[in-house]
Amino acid sequence: MGREKEKEKPSEKALNLLRSRLFDPNFIFRPFSDSPDSNYSKLKFIISTSVTEACNNSILLLGPRGSGKVAVLELVLSDLLQQYPEAISVIRLNGLLHSDDNCALKEIARQLCMEHQLLFSKVASFDDNSQFMIAMLRECGLAHKTIIFVLDEFDFFAQGKQRLLYSLLDAMQSVTSQAVVIGVSCRLDVDQLLEKRVRSRFSHRKLLFLSPSKEDTERFMEHILSLPMDSSLPHNYAAEFNGRLKKILSDERFKELIDTYLSFNFTIGHLVRFQAVSYMDLNAGFLSLGNFKTALSSNQRQPKLESIRDCSVLELYMMAFEHLLQCQLISFIDNKGHNQSVEFRPVKLLISSAELHQGLKSYQQCPVSYYHHNFFLTCISFRKHLLHKLDHMHCNHA
């Protein structure tokens with residue numbers, strides 16, 4: 001086995017290293033934790049203050065899917081658990097699984113019992129579990145131990161009677177309790193879904209996870225794809241690999257390519273899925289601009305492009321709504337407007353401008369006057385502007 005590893009090419013070692021990084025959120029988001037203004041630093045300060053000063057806190061982490069909310073939170077919790085191993089207990093819930101109040105409180109009781117090696121009762125009622133949670137908050141507070149409640153898909157907990165949120169936040173009003181509630185959601189307006197009695201007990205702290213800037217994107221790509229100089233890889237090979245990578249990242253053609261890829265979903269999570277390393281030539285041993293072009297073409301969703309060919313010119317002007325919905329070229333932003341007229345329900349495009357452009361190029365029946373018409377180009381430009389504004393106004397559930 002050892003001899004086989006010795007025979008392994010440097011390019012194969014490099015490829016395995018880069019692939020392992022793409023599946024390691026801690027490595028991916030670590031460079032964004034350097035700045036004191038980063039969400040990592042802010043979140044760590046809030047939680048660590050709660051631990052050291054024995055106080056209660058609540059905070060919302062908001063941003064589109066793939067923006068790094070959960071990854072940054074896990075990075076913070078991992079660091080704090082190493083720093084305060086005996087002073088922190090983490091309880092995790094997900095709104096997709098535990099939105100029912102009874103189910104959620106039972107899961108909290110189960111995790112608390114497991115954490116403190118207590119016997120869990122499956123037949124306990126909502127009130128029994130609620131009293132147990134209050135008692136555990138009091139006991140942990142007296143023992144100077146902070147319970148951190150992570151509520152992922154927080155907007156699902158903000159539906160219905162919100163008994164869980166009220167019970168939890170009300171219990172935290174006690175001077176003996178010591179807890180932090182962290183809500184994670186894709187909806188920027190999730191705090192507006194809270195009942196008045198819940199909102200009055202929830203702090204107004206929010207951390208927004210927005211799309212990265214172009215500078216952050218380039219720094220992120222270099223962080224992920226650069227080879228370490230102090231590893232088992234040959235020094236000369238790593239140096240040349242990194243030198244070539246920097247040339248690619250500074251190439252205007254590469255920047256246009258990345259802009260095209262991110263035109264539909266400008267998040268770190270989406271960028272991670274742009275796995276050009278899979279197309280690296282192991283014989284050459286280096287990444288090339290062609291690898292990124294191949295990755296772009298493979299990531300373009302062929303079913304979406306095929307759907308365009310079945311659309312009439314009228315539909316491509318966004319008039320025939322029902323067929324566009326069936327083709328999944330558009331969809332409603334949420335499912336809350338079932339009783340509303342179709343024309344009053346907000347929708348989102350499920351295809352990027354680059355994919356739309358390529359689909360039309362392969363659309364033989366598309367009139368030349370339509371394809372080259374200034375109005376169509378204006379529609380594409382307006383769509384980009386609209387999506388950019390929507391990113392800052394409302395995070396969708398796509």
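Visitor: Which residues of H4 are buried?

Guide: Keep in mind that this is a predicted model. A buried residue has under 20% relative accessible area. In H4 the list runs Asn39, Tyr40, Ser41, Leu43, Ile46, Ile47, Ser48, Thr49, Ser50 and Val51. That is ten of the 14 residues, so by the cut-off of under 20% the helix is mostly covered.

Visitor: What do the buried residues of H4 pack against?

Guide: Look for elements whose atoms come within 4.5 Å. One partner is a helix, H5 (69-83). The others are strands: S1 (57-62), S2 (88-94), S3 (146-152), S4 (179-185) and S5 (206-208).

Visitor: What span should the 14 residues of H4 have?

Guide: Count 1.5 Å a residue.

Visitor: What follows H4?

Guide: Check the backbone angles there. Ala54 comes after the helix, and its phi is positive, near 55°. The loop between H4 and S1 also holds Cys55.

Visitor: Which residues is Cys55 in contact with, leaving aside its neighbours within four places in sequence?

Guide: Skipping those neighbours, the contacts are Thr49, Ser50, Gln178 and Ala179. Thr49 and Ser50 are among the buried residues of H4. Distance along the chain is another thing to check. Cys55 and Met172 are 117 residues apart in the chain, yet their C-alpha atoms are separated by 9.3 Å.

Visitor: Where is Ser167, and is it buried or exposed?

Guide: Find the element, then the area. Ser167 belongs to helix H10, residues 163-171. Its relative accessible area is 14%, so Ser167 is buried.

Visitor: What does the side chain of Ser167 reach?

Guide: It reaches the backbone oxygen of Arg163, at 2.8 Å. Beyond neighbours within four places in sequence, Ser167 is in contact with Phe126, Ser130 and Met133.

Visitor: How many residues does the largest nonpolar core have?

Guide: Picture buried nonpolar residues joined through their side chains. Here the largest such core has 61 residues. Leu61, Ile182, Met221, Leu287 and Phe292 have the most contacts inside it. H5 gives the largest share, seven residues. A second, separate core has 32 residues, including Leu60, Leu93, Leu105 and Phe157.

Visitor: Which residues is Met221 in contact with, leaving aside its neighbours within four places in sequence?

Guide: They are Leu249, Phe254, Ile258, Leu271 and Phe292.

Key:
Residues numbered from 1 in each chain as written. Predicted model: local features only at pLDDT ≥ 70, side-chain atom pairs only at ≥ 80, totals over all residues. Heavy atoms only, no water. Helix = DSSP H or I, 4+ residues; strand = E, 2+ residues; numbered from the N terminus. Expected span 1.5 Å × (residues − 1). Buried < 20%, exposed > 50% of the residue type's maximum accessible area, 1.4 Å probe, protein only. Polar contact = N/O pair within 3.5 Å; in protein donor to acceptor, adjacent residues only side chain to side chain. Core = buried A, V, L, I, M, F, W, Y, C linked by side-chain atoms within 4.5 Å.
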